[in-house]
Amino acid sequence: RTAQAQGATGNADAGQKKAEMCICLHCIHGNETGFPEIHKVPMISGQNAKYIAAALNAYKKGERKHPSMHAVAAGLSEQNIADLAAYYAAHGEATPAPEAAAVQPTPEVAALLAKGACVSCHGANFSKPIDGSYPKIAGQYADYLYVALKSYKIEGSRVVGRGNAIMAGQVKQFSNADLKAMAKYIGSL
């Protein structure tokens, strides 16, 4: 029940004690936030430790912009981030992801996913990323996925947006309607 994150070894038991600030938002099924628009708060249990650590560090550095998350992450030490990452990653160890999707996309959505080469990074069934710093996105709330995808299109904003050049390049080729359709399908898995 340990995980490596940014050079610190995380402890899931220590992370559980530190997760109280997270539980009020991330552990209430269907809980919503109103920033930058109303959407469900993402599910983070079962994500890879490396992804949780990367996301928290990106919020801390301002590469991912969300005022509440920046405020939380800014106060976390490297050890706190590693412990939280280990705690949330431990939740996914008991429930391995299925090899194949239970629901197949429509031909239109399949073409969009192929155009974006989404599986090449997020892996089989969008739940086995090729790198631990990439998120598992299968079954994530569709409205959150849509807002997250759109946030890669926003450049230079001090309040919203995400600073990932690969994802920014990918989402720019799609309309918001395309992003919504992809998010709806991935969220259904």
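A residue counts as buried when its relative accessible area is under 20%, as exposed when it is over 50%, and as partly exposed in between (1.4 Å probe, protein chains only). This is a predicted model, in which local features need pLDDT of at least 70 and side-chain atom pairs count only at pLDDT 80 or more, while totals for chains, interfaces and linings use all residues. Residues are numbered from 1 along each chain as its sequence is written, and side-chain values use heavy atoms, with hydrogens and water left out.

The protein chain has 189 residues, and 41% of them are buried. It holds ten helices and six strands; these are DSSP runs numbered from the N terminus, with helices (H or I) of at least four residues and strands (E) of at least two. A contact means heavy atoms within 4.5 Å. Of the contacts in the chain with a separation of 6 or more, 68% are between residues 24 or more positions apart.

H3 has 13 residues and spans 18 Å from its first C-alpha to its last, close to the 18 Å expected at 1.5 Å a residue. The expected span is 1.5 Å times one less than the number of residues. The buried residues of H3 include Ala49, Ile52, Leu56 and Tyr59. Just after H3, Gly62 takes a positive phi of about 85 degrees.

Two packed helices are described by the angle between their axes and the distance between the axes. The axes of H3 (residues 49-61) and H4 (residues 67-74) come within 8 Å and cross at roughly 100 degrees. Axes are lines fitted to C-alpha atoms, for helices over the stretch in contact, and angles run from 0 to 180 degrees between N-to-C directions. Angles under 35 degrees count as roughly parallel, over 145 as roughly antiparallel, 65 to 115 as roughly perpendicular and the rest as oblique. H3 and H4 are therefore roughly perpendicular to each other.

Leu56, Tyr59 and Lys60 in H3 meet Met69, His70, Ala73 and Ala74 in H4. These residues divide into five nonpolar, one polar and one charged. Here Ala, Val, Leu, Ile, Met, Phe, Trp, Tyr, Cys and Pro count as nonpolar, Asp, Glu, Lys and Arg as charged, and the others, Gly among them, as polar.
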